[in-house]
Amino acid sequence: MLSAVSPNTDLASFHDHLKKSTRVLALLGAGLSASSGLPTFRGKGGLWRTHDAMSLATPEAFDDDPALVWQFYGHRRHMSLNAQPNPAHYALARLAEKMPGFQALSQNVDGLSPRANHPPGQLQLLHGSLFDVKCVDQTKCGYIEINYEDPLVPALAMPTGIDPTSDEARDAAVKSHDISDINTALPKVETKDLPFCPKCSQHLLRPGVVWFGEALPTKVLDNVDAYMRGGKIDLIMVIGTGAKVYPASSFIGDARELGAKVCVVNMDANDRPPGGWQEGDWFFEGDAAELLPKMLE
Ligand code: BV8
């Protein structure tokens, strides 16, 4: 059912409200990094078209085929390291410097907000980071490292010459391999060539991201909880996200209950907040990289 309310698109009224605000949240999604050249989950995912990215972002997928999942994450590490933060990442980092009561809640694992020097105390990485690498055994071993190596191990090196996200990679796979699986554009990787834990040397290392079915990091949830308990919230910006993933999407309703007005920044007018538009919401349609510097100046 489409909500009867239609959102405000007037930038001056948004600026007025932001100027009077002291406690502001921003829920960030893959659309924030789209202009940095990183594919969104729902968009054309390049090489991973034949795999729904969500189906690879699970513990079961890793148990079932750790090499394929590591190729997926090795590829995303490669793309993220070769991408640059865009003006939207910088605009949010500048807002954090000016407004101590601003917190960014990012669903992104691409490392671009930290590389835009977003103050770490004002950035909650809800779903971890591609550059945290940890032992699969976090109960007994618990090893974790921050690692920007590309490739992480030689077996995960991107094939030189062809950009694996390009159509020629797809054509190459179609021409030279079984066309049932586009991922044959990448060489077959054996488990023995995947990264193993240097501490316990028994288990594989895994990407330090939160997979579907896994709990978000306790520390991060505690930080969000403490922020929510800090009193009235003036505004939550919902930037470049379909807000379909829980519990991240639930923070929008939580903020509304604490008085926040909602401002959506999205390329797609259909990606409205959960529960639809409410009186006083803003919607700015377009590329976050274009809009945010204007909105937050
Ligand atoms: C948990 C890290 C419990 C990995 C990610 C049924 C109903 C409700 C919930 C569930 C359910 N079944 C299961 C669940 C729970 C599940 C969930 O929500 N599933 C969804 C699919 C329904 N959630 C979980 O499993 C979470 N854990 O619940 O744990 C628990 C508790 C205790 C103990 C044990 C367990 C964990 C969820 C975290 C999953 N990990 N990422 C990785 O990245 O590989 S989620 C991943 O997908 C992203 O991080 C992000 O959150 C999500 C993708 O969403 P978006 O960021 O919105 O990206 P998307 O491509 O979808 O959209 C892009 C948007 O940008 C679009 O709107 C587009 O229009 C816009 N856009 C594009 N370009 C631009 C733009 N906007 C502006 N400018 C542009 N240029």
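Contact, in these legends, means heavy atoms within 4.5 Å. The structure is a predicted model, in which local features need pLDDT of at least 70, side-chain atom pairs count only at pLDDT 80 or more, and totals for chains, interfaces and linings use all residues. Residues are numbered from 1 along each chain as its sequence is written, and side-chain values use heavy atoms, with hydrogens and water left out.

View 1. Helices (H or I, at least four residues) and strands (E, at least two) are DSSP runs, numbered from the N terminus. Of the 297 residues, 53% are buried; buried means under 20% relative accessible area, exposed over 50%, and partly exposed in between (1.4 Å probe, protein chains only). Among contacts with a separation of 6 or more, 70% are between residues 24 or more positions apart. The accessible surface is about 14100 Å², and carbon and sulfur atoms account for 54% of that surface. These areas come from the Shrake-Rupley method with a 1.4 Å probe; for residues, only the protein chains shown count as cover.

**View 2. Helix 5 (residues 87-98) against helix 10 (residues 288-295).** Two packed helices are described by the angle between their axes and the distance between the axes. Here the angle is about 30° and the axes are 7 Å apart. Axes are lines fitted to C-alpha atoms, for helices over the stretch in contact, and angles run from 0 to 180 degrees between N-to-C directions. Helix 5 and helix 10 are therefore roughly parallel, since angles under 35 degrees count as roughly parallel, over 145 as roughly antiparallel, 65 to 115 as roughly perpendicular and the rest as oblique. Their crossing is left-handed; a crossing is left-handed if the near helix is turned anticlockwise from the far one by less than a right angle, and right-handed if clockwise. From helix 5, P87, A88, A91 and L92 meet A288, A289, L292 and P293 of helix 10. By class, the residues of this contact are eight nonpolar, no polar and no charged. Ala, Val, Leu, Ile, Met, Phe, Trp, Tyr, Cys and Pro count as nonpolar, Asp, Glu, Lys and Arg as charged, and the others, Gly among them, as polar.

**View 3. Helix 8 (residues 218-228) against helix 9 (residues 250-257).** The two pack at an angle of about 20°, with axes 11 Å apart; helix 8 and helix 9 are therefore roughly parallel to each other. Helix 8 passes helix 9 in a right-handed crossing. L221, V224 and M228 of helix 8 meet F251, D254 and A255 of helix 9. This contact has five nonpolar residues, no polar ones and one charged.

**View 4. The buried residues of helix 1 (residues 11-20).** They are S13, F14, H15, H17 and L18. The elements they pack against are strand 1 (24-28), strand 7 (235-239), strand 8 (261-266), strand 9 (282-285) and helix 10.

View 5. Leaving aside neighbours within four places in sequence, R77 is in contact with W70, L130, F131, V133, N147, Y148, E149 and L152. With neighbours within four places in sequence left aside, H89 is in contact with L32, S33, S36, L112, S113 and A116.

**View 6. T58 in the loop between helix 2 (53-56) and helix 3 (59-64).** T58 is buried, with a relative accessible area of 14%. Not counting residues up to four places away in sequence, T58 touches W211 and F212.

**View 7. Two cis peptide bonds.** One joins D150 and P151, with omega about 5°; P151 lies in the loop between strand 5 (144-146) and helix 7 (167-176). Another joins Y246 and P247, with omega about -5°, and P247 is in the loop between strand 7 and helix 9.

**View 8. Positive phi at N117 and A243.** N117, which is not a glycine, has a phi of about 55°. N117 lies in the loop between helix 6 (112-115) and strand 3 (123-125) and counts as exposed at 54% relative accessibility. For A243, also a residue other than glycine, phi is near 50°. A243 is in the loop between strand 7 and helix 9 and is buried, with a relative accessible area of 12%.
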